[in-house]
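Reader: Please show me the model. Then let us go through its charged pairs.

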Amino acid sequence: GTLRIGTEASPSTYTYGAIYMYEGNLTINGGTIYAYGNNYAIHCHSGSVTINGGALTANGPDAIQIDSGSATINGGTVNLTSTKSDALAAGSDITITGGTVNANGARYGLFNSGGNIFITGGKVTVSSSRENREAIYISSGNTLTLGCSHSDDKYQIGKLYSPYCSVILENDFKINGESSTYGKAGTYDNTYFNNYLEDKTLTLDGVLTVTPSSLTASNVSTNV
């Protein structure tokens with residue numbers, strides 16, 4: 001079925017969001033959902049949002065806002081557009097394991113104020129529409145992990161903002177379709193990410209998966 005709350009021309013004016021949950025877990029397994037909010041499209045005060053399938057379009061000043069909790073996208077088609085702030089903001093971990101995800105923020109595409117971000121599958125595009133604005137924000141001391149298991153996984157991710165954040169590549173990646181030493185599995189600081197991976201397309205290069213115990217000095221940055 002289809003659920004439509006508000007329209008792009010006439011969004012919901014409810015203060016807390018077109019879809020609002022004070023606490024608990026919101027799970028979307030299928031169907032088609034359109035949420036247009038004058039403040040938030042989807043707002044979860046405390047809990048989690050999990051998307052396993054279906055099609056979700058969320059537009060608002062904040063597309064999905066989770067004040068204290070996590071967001072997980074395992075499948076489906078998810079289009080998030082923020083007209084004022086962040087496309088997807090969470091107080092804890094953000095995990096994307098599959099599906100087609102487009103997160104475009106007026107400020108940040110992904111904003112994480114207190115956890116890590118894991119992108120390990122799917123076709124994912126994260127961007128900011130604001131000039132010279134980073135696409136991803138992670139609070140200091142946390143980690144962005146990029147890994148994939150299928151040859152058609154593809155990520156296009158803009159600049160990362162965090163002065164003390166590490167980037168983990170679980171696999172060897174191709175960057176813009178080409179193999180490169182910059183796409184080798186390993187752990188790097190965010191300067192590496194911004195210098196070499198900003199706004200480029202990352203695709204799987206082989207099937208090598210690197211675990212922390214197998215990292216070597218040749219592929220680990222000492223600046224993390």
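**Salt bridges in the predicted model**

Author: Asp172 is buried, at a relative accessible area of 14%; buried means under 20%, exposed over 50%, partly exposed in between (1.4 Å probe, protein chains only). This is a predicted model, where local features need pLDDT of at least 70, side-chain atom pairs count only at pLDDT 80 or more, and totals for chains, interfaces and linings use all residues. Residues are numbered from 1 along each chain as its sequence is written, and side-chain values use heavy atoms, with hydrogens and water left out.

Reader: Which residue forms a salt bridge with Asp172?

Author: A salt bridge here is a side-chain nitrogen of Lys or Arg within 4 Å of a carboxyl oxygen of Asp or Glu. For Asp172, the closest N and O atoms are 3.8 Å apart. The partner is Lys184.

Reader: Is Lys184 buried or partly exposed?

Author: Its relative accessible area is 38%. Lys184 is therefore partly exposed.

Reader: What is the N to O distance between Asp86 and Arg107?

Author: Asp86 is buried, at 2% relative accessible area. Arg107 is partly exposed, at 25%. Their side chains meet in a salt bridge, N to O, at 2.7 Å.

Reader: How many residues apart in sequence are the parts tied together by Lys123 and Asp152?

Author: The side chains of Lys123 and Asp152 meet in a salt bridge (3.6 Å, N to O). Lys123 lies in strand S13 and Asp152 in the loop between strand S15 and strand S16, so the pair ties together parts separated in sequence by 29 residues; strands (E, at least two residues) are DSSP runs, numbered from the N terminus.

Key. Helix = DSSP H or I, 4+ residues; strand = E, 2+ residues; numbered from the N terminus.
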